[in-house]
Amino acid sequence: MRLERYKNNPFLENMEIRQRDKILKLSILGKDNNILLNQNTGEINGTHIATYKSVDTEEFVKLFTKNIALTFDLTSAGIKAFNVLMWIIQKEALNKDMVMITQYHLDEFNLSNEKNINMKTLYRGIKELEKAQIIARHLTNSIYFINPNFVFNGDRIAFTTMIERKVK
């Protein structure tokens, strides 16, 4: 394998790095229209790394759930409840923004996914999902409104995490 040599630094322009099953795009924040402004300091520099990855439906739901859990600091109960919620939405959501979550639904979820989640755990998780504003209780017991900004039937989503070094 021949190593490439460069006259100029190849890393100074926007980059696209192709890996097995994903594409990483790196760009400089603060250049052209790609700007992230610190309103306190006026600083507009940084690096933006975006990952593009194509996955099947099952992997999509797993990655989506994992990222929602990280974003909202969900506990194990919250993650389990979110998995049940996503399963119910895929199977039988009442309409575009409402879902019913009952013992029957949990039993069906456990049976089809070889899980053993109990109602107590599910209720603890539902409280976390409510606190995170992913769902909200309807006037009718066991029916919840779905926040369409987090739970949707789309086929792509972008999660952005900004990490900022603390200034001493």
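What is the mean pLDDT of the protein chain, and what share of its residues reach 70 or more? The model is predicted. Its mean pLDDT is 78. Of the residues in the chain, 64% reach 70 or more. Strand β2, residues 22-29, has the lowest mean pLDDT, at 62. Helix α4, residues 119-131, has the highest, at 95. Where pLDDT is low, the predicted coordinates should not be read in detail.

Three strands form an open sheet. Their order is β4-β6-β5, and the pairing is antiparallel. Strands of a sheet pair through backbone hydrogen bonds. Strands β4 (98-100) and β5 (135-137) stand at the edges. Each has a single partner strand, so one side of each is left without a neighbour in the sheet. Neighbouring strands are turned against each other by 35° on average, direction ignored. Between β5 and β6, which run antiparallel, there are three bridges. Alanine 136 has its bridge partner in β6, namely phenylalanine 145. Helix α2 packs on this sheet. The helix touches β4, β5 and β6, and its direction makes about 105° with that of β4.

The largest nonpolar core holds 26 residues. Seven names stand out here: Phe82, Leu85, Val99, Ile101, Leu122, Leu129 and Ile134 touch the most other members. Two or more residues come from each of α1 (57-71), α2, α3, α4 and β6 (143-146). Helix α2 gives the most, with eight residues.

Aromatic rings were examined next. The count comes to one aromatic pair. Its partners are tryptophan 87 and phenylalanine 109. The ring centres are 5.8 Å apart, and the planes make an angle of 80°. The pair is edge-to-face because planes over 60 degrees apart count as such. Tryptophan 87 lies in helix α2 (residues 76-92), whereas phenylalanine 109 lies in helix α3 (residues 103-113). The two are 22 residues apart in sequence, so the pair ties together separate parts of the chain.

Notes. Residues numbered from 1 in each chain as written. Predicted model: local features only at pLDDT ≥ 70, side-chain atom pairs only at ≥ 80, totals over all residues. Heavy atoms only, no water. pLDDT = per-residue confidence, 0-100. Helix = DSSP H or I, 4+ residues; strand = E, 2+ residues; numbered from the N terminus. Phe/Tyr/Trp six-rings, centres within 6.5 Å; stacked < 30°, edge-to-face > 60°. Core = buried A, V, L, I, M, F, W, Y, C linked by side-chain atoms within 4.5 Å. Buried < 20%, exposed > 50% of the residue type's maximum accessible area, 1.4 Å probe, protein only. Pairing = 2+ DSSP bridges. Axes fitted to C-alpha atoms, helices over the stretch in contact; angles between N-to-C directions. Contact = heavy atoms within 4.5 Å.
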